[in-house]
Amino acid sequence: MGRRYNLLFILVTFLVLVAAVAAQGNSGSNRGVGQRPRVGFYGNRCRNVESIVTSVVRKHVQSNPANAPGILRMHFHDCFVRGCDGSVLIAGNNTERTAGPNRSLRGFEAIEEAKTRLEAECPGIVSCADILTLAARDAVVLTGGQGWRVPLGRLDGRISQASDVILPGPNDAVDKQKRDFAAKTLNTLDLVTLVGGHTIGTAGCGLVRGRFFNFNGTGQPDPSIDPSFVPLVQARCPQTGDASARVDLDEGSAGSFDTSFLSKVRSSRVVLQSDLVLWNDTETRAIIERLLGLRRPSLRFGTEFGNSMVKMSLIEVKTGSDGEIRRVCSAIN
């Protein structure tokens, strides 16, 4: 009898320990070492996470349409620096937000408001990194693009340094762009497709003006630009005008998420040199043609963009003891 009692006690103790470990592994603060994000991660612990983020992003895009491309760009800038960990959201001296390429980012208020609402509904459960990833998808959908299922379960990073912000540049050659994307586990199809996200948004005049007035010190516009496009940009970005003024990346269609931008790359009517040169490379040109349905087998831009966004959103994600759930997205706990 005593032996049976001891065995029963040991069995019950074991089951209790297993249940405790499982509960800890499912908590918002401990994701399990090495656990990767997955669709439906939050389940019943925060069942309204996606609808809450969508409603907040919709509100901010309706009040200021520039927030849509701003949030999409913010997600890219986050993932290419220390991985998709929400580090770009952290405010303060010498954080990523203070770096040159990030000073024109928009949409921080939308992410913070979504976090506040989620903390009220399911405190300590949803990371800022996941909110940003969802918001980027919603920004695309709200501008007419195709949606995709977002894997969730990232943790927030604890480090944000301006010195870490080294991003692909607006004047980069194709080969450099390929190397930069390959370093983040993204291939050439991902490169072209994600650059296609320039179908929404703007660029600062100070960033592009040189190509339209004094390309490589010649005193003339870049000869590879469609000549009829040059005066349009010169009028929007006068040589002695405000460098912070903005010009559309996709002339005439900057508010619609579609393949219009890729058509403009084909016709040399884009403002960034790094975009224009994609038509000069055999590999990237073939992908553009497939995305535009000009070459077989064709590719669906909306589908490929979603696939590439999922791949990008999994770059160097934080899990287990690598990160945390920030209570406020702009500050480390």
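Buried here means under 20% relative accessible area, exposed means over 50%, and partly exposed lies in between (1.4 Å probe, protein chains only). With that in hand, welcome to a short tour of a predicted model, in which local features need pLDDT of at least 70, side-chain atom pairs count only at pLDDT 80 or more, and totals for chains, interfaces and linings use all residues. Residues are numbered from 1 along each chain as its sequence is written, and side-chain values use heavy atoms, with hydrogens and water left out.

**The annotated histidine**

- UniProt, in an unreviewed entry, lists His77 under "active site"; its positions follow the numbering used here, feature names are shortened, and annotations may be inferred rather than shown by experiment.
- His77 sits in helix H3, which covers residues 67–79; helices (H or I, at least four residues) and strands (E, at least two) are DSSP runs, numbered from the N terminus.
- With a relative accessible area of 8%, His77 is buried.
- Setting aside neighbours within four places in sequence, His77 is in contact with Pro101, Asn102, Leu105 and Leu167, where contact means heavy atoms within 4.5 Å.

**Disulfides**

- A disulfide is counted for a pair of cysteine sulfur atoms within 2.5 Å, and the count comes to four disulfides.
- Counting bonded cysteines along the chain, the pattern is 1-4, 2-3, 5-8, 6-7.
- Cys46 is joined to Cys122, with an S to S distance of 1.9 Å. Cys46 lies in the loop between helix H1 (2–25) and helix H2 (49–63), and Cys122 in the loop between helix H4 (108–121) and helix H5 (128–142), so this pair ties together parts that are 76 residues apart in sequence. Both Cys46 and Cys122 are buried.
- Cys128 and Cys329 form a disulfide with their sulfur atoms 2.2 Å apart. Because Cys128 lies in helix H5 and Cys329 in the segment after H13, the pair ties together parts that are 201 residues apart in sequence. The link of Cys128 and Cys329 is left-handed, with -100 degrees about the S-S bond. Cys128 is buried at 0% relative accessibility, and Cys329 is buried with a relative accessible area of 1%.
- Cys205 is bonded to Cys237, S to S 2.0 Å. Cys205 belongs to helix H8 (residues 205–213) and Cys237 to the loop between helix H9 (230–236) and strand E2 (246–248), so the pair ties together parts that are 32 residues apart in sequence. The torsion about the S-S bond of Cys205 and Cys237 is about -65 degrees, so this disulfide is left-handed. Cys205 is buried at 0% relative accessible area, and Cys237 is buried at 1%.

**Cavities**

- On a 1 Å grid over the protein atoms alone, a cavity is a set of points where a 1.4 Å probe fits but cannot get out, and lining residues have an atom within 4 Å of a point.
- The whole structure holds two cavities of 30 Å³ or more.
- The largest cavity contains about 40 Å³ of space and is lined by His75, Thr133, Trp148, Val150, Pro151, Met309, Val310 and Ser313. Helix H13 (residues 301–313) gives the largest share of that lining, three residues.
- The second largest cavity has a volume of about 30 Å³. Its lining consists of Leu89, Arg97, Phe108, Ile111, Glu112 and Cys329; Cys329 is also a partner in the disulfide with Cys128.

Note on methods. On a 1 Å grid over the protein atoms alone, a cavity is a set of points where a 1.4 Å probe fits but cannot get out, and a pocket is an open set with protein on both sides within 12 Å along at least five of seven lines; lining residues have an atom within 4 Å of a point. Grid points are joined across faces, edges and corners, and a volume is the space filled by probe spheres set on the points.
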